[in-house]
Amino acid sequence: MNVYLRQLATSFRFLAVATLVLGVLYPLVMFGVGQVIGSPEANGSIAQLDGAPAASTLIVQPVPEKENRLFFPRPSAVKWDSTTSGASNLGPSDPALAKAESSARAAIAAREDVPASAVPLDAVTASASGLDPDISPAYAQLQVPRVAKATGLSVDEVQHLVTDATTNQVLGLLGQPAVNTTKLNLAIAARLK
Amino acid sequence: MQFSFLSFITQIGILVVALGAVHRPLGAYLAKVADDGAHLRFERWIYKAAGVGPDSEQTWKGYARSMVAFSVAGVILLYAAERLQPLLSGGRMASVDPWVAMNTAISFITNTNWQAYVPESTLGFVVQMAFLAVQNFVSAAVGIAIAFALVRGFVRKGSDSLGNFWVDVTRITFRVLLPLAAVVAALLIVTGVVQDFSPSTVHNAITGVSQTIPGGPVASQEAIKELGTNGGGYFNANSSHPFENPNAFSNIFEVFLLLAIPFSLPYTFGQMVGSRKQGYTILTVMAALWLIAEGIMASTIAAWPNLGEGLEQRFGPAASGIFATATTLTSTGAVDSMHDSLPPLAGGMAMFDMMLGEIAPGGVGSGLYGMLVLAVLAVFLGGLMVGRTPEYLGKKIQARHMTLAALYLLVTPVLVLVLTGAAVLIPSVVADAPSQGPHQFSELLYAFTSGANNNGSAFAGISASDPLISSLMNVAMWLGRVLPMVLVLALAGSFAAQKPIPPSPGTLATYGPLFAGLLGTVTVLFTALNYFPALALGPIAEGTFR
């Protein structure tokens, strides 16, 4: 037993050193490095609107239900709450999943005035994080006419903003093409001022 | 969402090239760290602070005793830190529920990182950064140390020692993991991963929406979480959270990170035993199994018509499948998509990857020692087939070695199958589950497969904080980590004591395509025979009869 107690004591002493170096110094040094080499990114990629912090470009920003001037993001299992994160975790054959998808599809079809079959899958499925700011280019195209009408901007102008908020080709190849609704909606908001 | 074959093949190509480029320098460096006779100055200071005599070597029993004591001490420390969180966080965070605290402590010490809690609401940055993330380093170092000890067992002749546990863990942590993690964390910050200590408040004047944007030392933890094949997310959504994995660049980088050390260790092995072809044979088997698994995963996802739930738009199906395969073939368990919502056969494939014993390429260290135990089994079976005395690397395989190897290979399947069986017999577990039928069985099977293999990913629909489930998971994680390690050390001790026998014309060559084929076949057959009935009741039933 004595041997084990000695090994336990050694373990705690080793862990004390490890906690100091790996648990305190290392993250603090990385914080300092981050402030130098990537200050906006290290601090949450905050974007401004009229000089005030308005959103993080990486995190979804919920759009109020009747706000027809903006692009709607994907459904979220955490109701777009940025202080938490998570998914539905519904199994692929769970009837609740099919039900949620078909009711979302009907609502979007009515809102955008298109047939239900035109609604893409990303528009009716919840993301893994619940904070996904991105939608497919197809879902963005579906929303362009409504946004143009509600904002008074021309369709061409809205298309231009959509293109600006779309991932480049390399990211589209390594992942898939995506339109960032947070960036896009901020760009529209700036025009509305 | 559509599966893109072009995206899949591009990403696999990039990963193969990148891993091909790093496995030699990193593997050679690891071998140097394992065999270096000299101590660095800061290491001497650490040995002094911990009260370790760095020049004394340990027997396998001494090595195992240190490993067990270190793990027990880690559990006690983490449990205490979680319970005392109000004190540590200046009253901002509450004390963690005792069941969840114990489950989390065992989970992080065993390199599992199963998370029965929602980090955002349960753990402040102090406990995550100063306690959980420290275990991300040292639990990875312990895994690599055990692999070093096993390789030394093959190398040493008539010796009763395997090295010094404390020296191995210190060197791996401070010479390998810490410098790598620092570089990786800096790169992750540039892609958009956060590294700060306070949340920010934002307000959109047009919509009237206000948000609290979380902060935290995420990049520093993310780096070692992937490099050390740990997998515990700073956020609940793990690597699908935009602050842990902001875009498709960071995504493929993270896949590379979790494969980098496991795919380098076979080179280390070849270097240490003085035969590179032995190392490359092991590497070939690992790489072949990985590529086949990626291909099967991709085809099960591509065949599913309804992709979207639990997937992030910026990654999509191809990248998510690649991540899911890499995270379950290693012992990582980080996720960039929700495995519970994957197509049934894709979820089944993720389970099968873990059931292989996480050897292709496996967890850091555990992948190599797992594969070497399978090599001992393959040599034995090969010897039986051709009627030759089984030998591996000059060591004769005897009854004691086969007993230890067989016990090693049976520990995990027994834990998975017995505990899953026990869980489905508990009425409250079955009644409380949100899912029904084969998918409900899959969630439980996935949980215990993940726990006993120290993976940590989940079919997250399961109610993981339920005290019954978390207690059974504690058994799976603890025994699934400590028992195989002790058995590997016993095996190593027995080999080290043996005098080598010179190779004769009758010796079965343990390198080249023939042996690689034998080893790969043995691995897959062994796994399939153990688990096929259980898989048939879960993912196969769900995927076939819908």
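How far apart do the C-alpha centres of domain 1 of chain B and domain 2 of chain B lie? They lie 23 Å apart. The model is predicted, and local features need pLDDT of at least 70, side-chain atom pairs count only at pLDDT 80 or more, and totals for chains, interfaces and linings use all residues. Residues are numbered from 1 along each chain as its sequence is written, while chains are lettered from A and ligands numbered from 1 in the order in which they are written.

In chain B, domain 1 covers 8-275 and domain 2 covers 364-544; such bounds come from an automatic or database domain assignment. Their contact involves 47 residues of domain 1 of chain B and 39 residues of domain 2 of chain B, where contact requires C-beta atoms, placed from the backbone, within 7 Å. On the side of domain 1 of chain B that touches domain 2 of chain B, two or more residues each come from α3 (60-83), α5 (98-109), α7 (125-155) and α10 (248-273) of chain B. Helices are DSSP runs of H or I with at least four residues, strands are E runs of at least two, and both are numbered from the N terminus. The largest share of that side, eleven residues, belongs to α7(B).

Between the chains, 96 residues of chain B are in contact with 83 residues of chain A. On the side of chain B that touches chain A, α3(B) gives the largest share, eight residues.

In chain A, an unreviewed UniProt entry places a "transmembrane region" at residues 12-33; such annotations may be inferred rather than shown by experiment, and positions follow the numbering used here, with feature names shortened. Residues 12-33 of chain A are 100% helix and 0% strand, with end C-alpha atoms 30 Å apart.

Methods: Contact = placed C-beta atoms within 7 Å.
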